[in-house]
Amino acid sequence: MAADPPSFWLAQEPAGPVRPALEGDARADVCIVGGGLTGLWTAYELRRADPSLGVVVLEARYAGFGASGRNGGWLMGELAGARATWAARHGREAVIAQDRVMRGTIAEVARVLERERIECDWAHGGTLHVAQTPLELKRVRAHVEAMRSWGWADDDLALLDAPQAAQRIAVEGVVGASFTPHCARVHPARLVLGLAAAAERAGAAIFERSRVTGWGDGVVRTAAGRVHTPIVVRATEGYSADLPGLRRTLLPLTSSMIVTDQLDAGTLAALNWQNAETMLDGRNRYAYLQRTADCRVAIGGRGVPYAFGSGTEREGPLPARTARELRDRLVELFPVLRGVGIAAGWHGVLGVARDWMPAVGLDRARGEAWAGGYVGEGVGAANLAGRTLRDLILERDTELTTLPWVGPFARAWEPEPLRWLGVNAVYLLYGAADRREARTRRASVAGRAADALAGRGGLGSA
């Protein structure tokens, strides 16, 4: 483990095995670039399906260093992306099938955790999307109604009134919420580190401190070695911008988190947060939360959303302003936490495609596969991506290989400075919308402008 782990989750874990760096030449049937959840699930699934395959994972730092070890710990049974856009490309039934398969990912991951004996604070408590104002409730209700049109039944997504919502979590001034059972809480670092060990037990080779500098003609290159392989899997998510020719493919968007000190029994009782639900608030610039297994509350949000030139370095301290904003939002949701200390704060990048639609695919002629653009929903989506890449690489004709998200990413993001101006403008517009809505209790044109500028649901969209 690094001397200064880039998240509270990673800091809680003891030093793991010291994995070697790649030195010299190696050969593999599949070389995976990136040692996060996408790369590790792909390695694990390939080796489980065909133990004769030589599978090598190359990681620039150490397994789990990126978003996989820093995220909010939501394993969601839902993909990001506008269903109407999916349907326009592939038809309504394909979208419904994709939703069904993605919902089943929770049970699929649970089976692997049991089989591999991975302890990661798993709790299948679902997700609550809370509203504290009538306007927020209107948006929540509209989302539920829209999902009904895509075949989501009441058992998949229910609308709760104020007493029903407060019975699950005692949010200040809650006026209603939606609830879906299709989400599980996890400890991100324990999940990704456990998966790395499981991939190695399955026979994959993981090389750390082996930053890839490029690939082509069947060779993946690092500073100290090369892997000769017919297939390269790009599993670099927000860090794709660091690779040659990929700076504008996925935008490295920042997400930030803080976590409280451990809560005493009285404070926990006041929260009434008994079932480990994950939670999303109703703001345009939303916050996401979990109650940890060791009795803390973790809350995340955007912070400073983007660095000029698609910079990915976020290993420094969380800016004081971001930490203050997250703490203020935490207290607005739960006034009982006003005097509780903050144990840690951190931030990191995740990958966003130009149309906010994740993708997974394989170009066999070029010998290159890819997955990512999860827009923060990658803890669950990475599992589906790994299973889909397995089937694509092994040339299996399965339901997974025909899902709507199988294909290339959207067009590239705009060049700088347009990229920086656009992302930060969207973020500022959502902030302005939230401030105006708080004053007037009316929908703000700034929010609609942000949606239009983002080219999808936007930076404030779940």
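Biologist: Are D156 and R103 buried or exposed?

Modeller: The model is a predicted one. The side chains of D156 and R103 meet in a salt bridge, at 3.8 Å from N to O. This pair links distant parts of the chain, with D156 in the loop between α6 (134-148) and β6 (158-161) and R103 in helix α4, 53 residues apart. As for accessibility, both D156 and R103 are buried.

Biologist: Which residue forms a salt bridge with R100?

Modeller: R100 sits in helix α4 (residues 92-103), and the pair links distant parts of the chain, 299 residues apart. The other member is in the loop between α11 (378-393) and α12. At 2.5 Å from N to O, the side chain that meets R100 is that of E399.

Biologist: Why does R354 count as buried?

Modeller: The cut-off for buried is under 20% relative accessible area. E414 has 22%, so E414 is partly exposed. R354 falls under the cut-off and therefore counts as buried, its relative accessibility being 11%.

Biologist: Which residues are linked with E45 in a network of salt bridges?

Modeller: The structure holds 30 salt bridges. Some of them form a network that includes E45. The residues linked with E45 there are R390, D391 and R396.

Biologist: How many disulfides are there?

Modeller: A disulfide is a covalent bond between the sulfur atoms of two cysteines. The rule applied here asks for a pair of cysteine sulfur atoms within 2.5 Å. By this rule the count is 0.

Biologist: Which cysteine has the sulfur nearest to that of C120?

Modeller: C120 is buried, because its relative accessible area is 1%. C120 is in no disulfide, and the nearest cysteine sulfur is 12 Å away. That sulfur belongs to C183.

Biologist: Which residues make up the nonpolar surface patch that includes L418?

Modeller: L418 is found in helix α12. With a relative accessible area of 52%, L418 is exposed. The patch covers about 420 Å² and is made by F308, L418, W420 and L421.

Biologist: Which residues form the positive surface patch that includes R435?

Modeller: R435 is in helix α12, which spans residues 418-440. The patch that includes R435 is positive. Its members are R435, R436, R439 and R442.

Biologist: What is the omega of the peptide bond from E416 to P417?

Modeller: P417 is found in the loop between α11 and α12. The peptide bond from E416 to P417 is cis. Its omega is near 5°.

Biologist: What is the phi of R117?

Modeller: R117 is in the loop between α5 (105-116) and β5 (127-131). R117 is exposed, because its relative accessible area is 74%. Phi is positive here in a residue other than glycine, with a value near 55°.

Biologist: And what is the phi of E395?

Modeller: E395 lies in the loop between α11 and α12. At a relative accessible area of 60%, E395 is exposed. E395 is not a glycine, yet its phi is positive, at about 60°.

Biologist: What separates the C-alpha atoms of M279 and E368?

Modeller: M279 is in strand β15, residues 278-280. M279 counts as buried, because its relative accessibility is 0%. M279 and E368 are 89 residues apart along the chain, and their C-alpha atoms are separated by 37 Å.

Terms used
Residues are numbered from 1 along each chain as its sequence is written. This is a predicted model: local features need pLDDT of at least 70, side-chain atom pairs count only at pLDDT 80 or more; totals for chains, interfaces and linings use all residues. Side-chain values use heavy atoms; hydrogens and water are left out. Patches are made of residues with over 30% relative accessible area and no salt bridge: like charges are joined within 9 Å, nonpolar side chains (Val, Leu, Ile, Met, Phe, Trp, Tyr) within 5 Å. Accessible areas come from the Shrake-Rupley method with a 1.4 Å probe; for residues, only the protein chains shown count as cover. A salt bridge is a side-chain nitrogen of Lys or Arg within 4 Å of a carboxyl oxygen of Asp or Glu. Lys and Arg count as positive and Asp and Glu as negative; His and the chain ends are not counted. The place of a charge is taken as NZ of Lys, CZ of Arg, CG of Asp or CD of Glu. Helices (H or I, at least four residues) and strands (E, at least two) are DSSP runs, numbered from the N terminus. Buried means under 20% relative accessible area, exposed over 50%, partly exposed in between (1.4 Å probe, protein chains only).
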